[in-house]
Amino acid sequence: MTGGGTGGATRAILKHLDNKYSSYTFTDISVGFFEQAQETFKGHRNIIYESLDIERDPTTQGFQEHSYDLVVASNVLHATKFLDQTMTNVRKLVKPGGKLLILEAVDNGAIRVGFSFCGVPGWWAG
């Protein structure tokens with residue numbers, strides 16, 4: 001639900017969920033991705049689109065504390081300035097007993113990913 005961006009992770013997840021969820025919150029720091037995401041996921045039900053800056057306390061942004069069974073963060077957490085604070089904010093979202101699924105590129109061998117995004121402000125912030 002964090003850093004939805006172009007929807008790559010969401011697309012893969014929703015494909016396997018087959019509308020067997022009560023709600024899915026698609027977030028990104030910018031609402032600029034939402035129009036395309038809404039078009040991409042129009043066949044899926046109960047998708048909520050919300051702006052989220054995970055570097056700031058999510059409860060001050062309208063998110064209810066400890067209300068998510070699963071938080072998915074795909075190639076997004078590394079782009080924050082202070083990872084300790086970021087993880088504190090992520091923990092505020094996850095229910096007790098909930099799960100956090102993180103996908104981050106950690107292998108130097110995938111140089112094409114870093115090279116492709118190296119000019120994007122914030123890519124190397126962490």
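Trainee: Why is Asn75 called partly exposed?
Mentor: The model is a predicted one, and in it Asn75 has a relative accessible area of 34%. Buried requires under 20% and exposed requires over 50%, so a residue at 34% is partly exposed. Asn75 lies in the loop between β3 and α3. Its phi is positive, about 50°, although Asn75 is not a glycine.

Trainee: Which label does Asn19 get, and on what value?
Mentor: Asn19 has 27% relative accessibility and therefore counts as partly exposed. Asn19 is placed in the loop between α1 and β1. Phi of Asn19 is also positive for a residue other than glycine, near 60°.

Trainee: What makes Tyr21 buried?
Mentor: Its relative accessibility is 10%. The label buried applies under 20%, so Tyr21 counts as buried. Tyr21 is found in the loop between α1 (8-17) and β1 (24-28).

Trainee: What does Tyr21 touch, leaving out residues up to four places away in sequence?
Mentor: Tyr21 touches Leu14, His44, Arg45, Asn46 and Ile47. For Asn46, 25 residues apart from Tyr21 along the chain, the C-alpha separation is 8.3 Å.

Trainee: How do you know that the side chains of Tyr21 and Asn19 make a polar contact?
Mentor: The distance is 3.3 Å. The cut-off for such a pair of N or O atoms is 3.5 Å, so the pair is within it and the side chains of Tyr21 and Asn19 make a polar contact.

Trainee: Why is the charged end of Arg45 said to sit over the ring of Tyr21?
Mentor: The charged end of Arg45 is 5.2 Å from the ring centre of Tyr21. The distance limit is 6 Å, and the charge must also be within 35 degrees of the ring normal.

Trainee: What makes the pair of Tyr21 and Tyr24 edge-to-face?
Mentor: The centres of Tyr21 and Tyr24 are 6.4 Å apart, with 70° between the planes. Tyr21 and Tyr24 are both buried.

Trainee: Which class does the pair of Phe26 and Phe34 fall in?
Mentor: Phe26 and Phe34 are edge-to-face, at 6.0 Å centre to centre and 75° between the planes. Both Phe26 and Phe34 are buried. Ring pairs also link Phe26, Phe34, Phe41 and Tyr49 into a cluster.

Trainee: Why are the buried residues of α3 placed on the same side of the helix?
Mentor: In α3 (residues 83-93), Thr86, Met87, Asn89, Val90 and Leu93 are buried. They cover an arc of only 160° around the axis, which means they are on the same side of α3. On the other side, Asp84 and Arg91 are exposed.

Trainee: What do the buried residues of α3 pack against?
Mentor: They pack against β3 (68-74) and β4 (94-103).

Trainee: Which pattern does the protein follow along the sequence?
Mentor: The order is α-β-α-β-β-α-β-α, from four helices and four strands. Of the 126 residues, 32% are buried.

Technical notes:
Residues are numbered from 1 along each chain as its sequence is written. This is a predicted model: local features need pLDDT of at least 70, side-chain atom pairs count only at pLDDT 80 or more; totals for chains, interfaces and linings use all residues. Side-chain values use heavy atoms; hydrogens and water are left out. Rings of Phe, Tyr and Trp (its six-membered ring) pair if their centres lie within 6.5 Å; planes under 30 degrees apart count as stacked, over 60 as edge-to-face and the rest as tilted. Buried means under 20% relative accessible area, exposed over 50%, partly exposed in between (1.4 Å probe, protein chains only). Helices (H or I, at least four residues) and strands (E, at least two) are DSSP runs, numbered from the N terminus. Contact means heavy atoms within 4.5 Å. A polar contact is a pair of N or O atoms within 3.5 Å; within protein, one must be able to donate a hydrogen and the other to accept it, and residues adjacent in sequence count only if both atoms are side-chain atoms. The arc is that of the directions from the helix axis to the C-beta atoms.
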